[in-house]
Amino acid sequence: MKPHAAGMSIALGLLLAAAVAQAQTSSVGRASRITGDQLSSTQAPGGPVRRLAEGDPVFAGERIRTGAGTVLQIEFTDNSRFTLGPNAEFEVERYRHASAGSGEEAFYSRILKGTFRFVSGLIARRKHEDVRISIAVATIGIRGTHFEGEVSERQEKDGKKVDASAKVALLEPEGSGGNAIVVENKFGSVVIDQPGYGTEIPDEKSPPSPVRRMQLRTIENLQRSLRPPAGMRGPARRF
């Protein structure tokens, strides 16, 4: 076999093996809605980039990214939902849902950057300690809730390093049940239990700010970024 043909065979074999392994792994949810310019992708560690279209499955361990004009909603098997705004990066670190309500459950995720909204599902309702959301400068523990926020990653600006930062705001709950979040890092923690209130973490060396009513402009900016741009609401495309 010629070297070029052998190389192609090896590459195809690796892609096929990755596809078979993924097919044997249960998905944790699906891309339930993609709006805007509809550019979103997911990538398992060491695997190829996979473009997402509405209805496509998502798996634990994948890094999910959205394009500059894309809003992506992911619905998980426990009925929880994540909405990601443009230029967001997100990862489900660990997910285990016992559909009958028995056995170990866990939902650990990470927002690396971008705006997001989270609505909790069955795992949080049964045992809120089993749900944890990490952001660049803190961890969010939930008690059956609905909240949104924004994470800015560490970056270079004008030749200087700018720390990561974040803001989080509690929203009105969907349905009955508790509605609170705990935002904490190694410098401190706060409990937010009133809709419209929130906290900010300005850098990687500060505790969450004291809980306060968030400015209406801040809430509106977050919500605007999680809505599809006007005139870009068509059905999702496959790539």
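Guide: Let us start with helix H3, whose face turned away from the buried side carries the exposed residues Leu 216 and Arg 217. Please keep in mind that this is a predicted model.

Visitor: What makes the buried residues of H3 line one face of the helix?

Guide: The buried residues of H3, which spans residues 216-225, are Thr 218, Ile 219 and Leu 222. Seen down the helix axis, these buried residues fall within an arc of 100°, and therefore they line one face of H3. That buried set packs against E9, strand E12 (146-152) and strand E15 (165-170).

Visitor: Why is the pair of Tyr 95 and Phe 107 called edge-to-face?

Guide: The ring centres of Tyr 95 and Phe 107 are 5.1 Å apart, with the planes at 80°. Centres within 6.5 Å make a pair, and planes over 60 degrees apart count as edge-to-face, so this pair is edge-to-face. The pair links distant parts of the chain, since Tyr 95 lies in strand E8 (residues 89-96) and Phe 107 in strand E9 (residues 106-119), 12 residues apart.

Visitor: How do you know whether Tyr 95 is buried or exposed?

Guide: The cut-off for buried is under 20% relative accessible area; Tyr 95 has 14% relative accessibility, so Tyr 95 counts as buried. Phe 107, with a relative accessible area of 1%, is buried by that reasoning as well.

Visitor: And where does Ser 41 lie, and what makes it count as buried?

Guide: Ser 41 lies in strand E2 (residues 40-43), and because its relative accessibility is 10%, Ser 41 counts as buried. Leaving aside neighbours within four places in sequence, Ser 41 is in contact with residues including Val 49, Leu 52 and Ile 64.

Visitor: Which aromatic residues form one cluster?

Guide: The cluster consists of Phe 76, Phe 82, Phe 90, Tyr 95, Phe 107, Phe 116, Phe 118 and Phe 147. In the whole structure, a search finds 10 aromatic pairs. One of them joins Phe 82 and Phe 90, a tilted pair with 4.6 Å centre to centre and 50° between the planes.

Visitor: Which residues of the largest nonpolar core touch the most other members?

Guide: Of the 40 residues in that core, Phe 82, Leu 84, Ile 140 and Phe 147 touch the most other members, while the largest share of the core, four residues, comes from E9. Leaving aside neighbours within four places in sequence, Phe 147 is in contact with residues including Phe 116, Phe 118, Ile 140 and Leu 170.

Key:
Residues numbered from 1 in each chain as written. Predicted model: local features only at pLDDT ≥ 70, side-chain atom pairs only at ≥ 80, totals over all residues. Heavy atoms only, no water. Phe/Tyr/Trp six-rings, centres within 6.5 Å; stacked < 30°, edge-to-face > 60°. Helix = DSSP H or I, 4+ residues; strand = E, 2+ residues; numbered from the N terminus. Buried < 20%, exposed > 50% of the residue type's maximum accessible area, 1.4 Å probe, protein only. Contact = heavy atoms within 4.5 Å. Core = buried A, V, L, I, M, F, W, Y, C linked by side-chain atoms within 4.5 Å. Arc of directions from axis to C-beta.
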